[in-house]
Amino acid sequence: MKLKFRSCSALATVAATLISSAALLWGTSAAAQGTKVLNIYNWSDYIADDTIANFEKETGIKVRYDNFDNNEIVHAKLVAGKTGYDIVVPTSNWAALQLSAGLFTPLDRSKIPNLKNLDAPLMAQLASVDPGNQHLVPWLWGYTTVGINVDKVKKAIGGELPANVWDLIFKPEYVSKLRSCGVSVLDSADEVVPAALHYLGKPRVSRNAADYNAALALLKSIRPHVTLFSSSGYINDMASGSICLALGWSGDINIARQRAIDNKTGQNIQALVPSTGGLLFFDVMAIPADAPNVENAYKFIDYILRPQVNAGLTNKVFYPNGTYAVSKPYINPAVANNSSVFLSAADMGKMVGFADQQLTNEIRRNQNRVYTAFKTGM
Ligand code: N2P
């Protein structure tokens with residue numbers, strides 16, 4: 001059929017329509033082939049400066065990289081569904097809860113050849129929550145502990161550190177002296193309550209309701225001396241000297257130490273390794289069941305598991321990775337020799353893992369009750 005155009009403007013309209021239909025068609029086929037985008041939801045301060053840029057340059061995939069600083073928020077989003085994320089990085093005990101709710105997609109291992117780089121003992125441990133390692137891939141790991149501004153803390157307590165450094169935060173006798181130089185605790189029920197339980201000699205994920213009441217009594221006793229609740233901003237606060245004690249994460253405290261050195265703030269920051277152990281955590285990549293760009297997620301996971309890329313994360317944020325055997329040659333000596341990052345066998349032996357203490361919704365309710373009462377001072 002021959003089309004007759006009455007005017008230039010009609011011609012322009014038809015042309016525009018044809019162009020937009022072509023764009024629509026192209027768009028559809030692009031979607032079918034996989035779009036060039038990837039949406040990642042990860043912890044703040046948990047990646048090297050060039051990790052995303054290098055991936056984008058190499059693959060042409062545009063990454064939207066969003067951050068969080070506690071597991072509770074990731075969990076709420078995953079449970080609500082349609083997060084739009086292709087990769088999320090919860091902690092393994094939360095990932096276990098999410099797995100049992102069917103929120104993750106099983107990995108097509110043939111698309112992630114670098115899974116071979118992962119340390120076998122670590123994967124065996126992870127298999128206890130993810131049988132056959134079908135869903136979860138290590139990002140980085142570390143432990144919850146106490147970080148201090150060495151000079152300020154020693155001055156405030158008038159002497160040497162206590163044998164059990166957890167006393168600094170959990171014993172009113174110490175923490176009351178540190179209030180004036182600033183005391184920060186992580187802003188998350190599942191970080192603070194397990195630390196309090198551990199200090200009391202209870203399981204970090206206790207199933208006993210009475211233990212939660214004891215944890216609350218302990219937390220109430222230190223509440224007047226806590227000046228900040230923070231799970232990310234505390235890094236800069238430590239580096240600048242505006243807080244002197246933090247209940248925080250091992251790598252974050254080392255980031256603060258490094259920032260103090262780089263910015264010449266004169267603050268001497270140290271992540272302490274408690275004699276009774278810190279609380280281990282393993283953060284893991286997983287693909288949500290409704291992820292829109294699964295193929296790109298595979299590409300990114302495989303890229304992260306390259307020895308040099310994985311070492312780059314550790315070098316920047318001071319958390320060990322899951323490919324130690326192959327990425328070790330690329331780890332900076334200053335990081336490799338930092339005994340609060342790479343723990344000695346003796347220190348590692350003291351650390352508190354999850355054992356079979358899985359998180360449940362019942363435990364979360366107890367944690368939230370205690371934590372809210374603590375934070376609000378009720
Ligand atoms: C990132 C800290 C992540 C550790 N700044 C907690 N899983």
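## The disulfide

A disulfide joins Cys181 to Cys244, with an S to S distance of 2.0 Å. The model is a predicted one. In general, a disulfide is a covalent bond between the sulfur atoms of two cysteines. A search of the whole structure finds 1 disulfide. The pair links distant parts of the chain, 63 residues apart. Cys181 lies in the loop between helix H8 (172-178) and strand E5 (183-185). Cys244 lies in the loop between helix H11 (234-240) and strand E7 (245-249). The torsion about the S-S bond of Cys181 and Cys244 is about 60 degrees, so this disulfide is right-handed. Both Cys181 and Cys244 are buried.

## Salt bridges

The whole structure holds 12 salt bridges.

| Pair | N to O distance |
|---|---|
| Arg306 and Glu58 | 2.5 Å |
| Arg64 and Asp66 | 2.8 Å |
| Lys375 and Asp187 | 2.9 Å |

Take Arg306 and Glu58, joined by a salt bridge. The two sit in distant parts of the chain, 248 residues apart. Arg306 is in the loop between H13 and H14, while Glu58 is in helix H2. Arg306 has a relative accessible area of 30%, so it is partly exposed. Glu58 has 49% relative accessibility, so it too counts as partly exposed.

Lys375 and Asp187 also form a salt bridge. This pair again links distant parts of the chain, 188 residues apart. Lys375 belongs to helix H18 (residues 361-376), and Asp187 to the loop between E5 and helix H9 (189-199). Lys375 is partly exposed at 32% relative accessibility. Asp187 is partly exposed at 26%.

Arg64 is partly exposed, with a relative accessible area of 39%. Its partner Asp66 is partly exposed at 23%. Elsewhere, Asp108, Lys111 and Glu295 are linked in a network of salt bridges.

## Helix H14

Now to a helix and its neighbours. Helix H14 covers residues 307-317. Its buried residues are Val309, Asn310, Ala311, Leu313, Thr314, Asn315 and Val317. They pack against several elements, among them helix H2 (51-59), strand E4 (137-149) and helix H12 (250-262). Helix H13 (294-304) is another packing partner of these buried residues. After H14 comes Phe318, whose phi is positive, near 65 degrees.

## A histidine in a loop

His225 is found in the loop between helix H10 (209-222) and strand E6 (228-229). Is His225 buried or exposed? At 15% relative accessibility, His225 counts as buried, because buried means under 20%. Leaving aside neighbours within four places in sequence, His225 is in contact with Val175, Ser176, Arg179 and Val183.

Terms used. Residues are numbered from 1 along each chain as its sequence is written. This is a predicted model: local features need pLDDT of at least 70, side-chain atom pairs count only at pLDDT 80 or more; totals for chains, interfaces and linings use all residues. Side-chain values use heavy atoms; hydrogens and water are left out. Buried means under 20% relative accessible area, exposed over 50%, partly exposed in between (1.4 Å probe, protein chains only). Helices (H or I, at least four residues) and strands (E, at least two) are DSSP runs, numbered from the N terminus. Contact means heavy atoms within 4.5 Å. A disulfide is a pair of cysteine sulfur atoms within 2.5 Å. A salt bridge is a side-chain nitrogen of Lys or Arg within 4 Å of a carboxyl oxygen of Asp or Glu.
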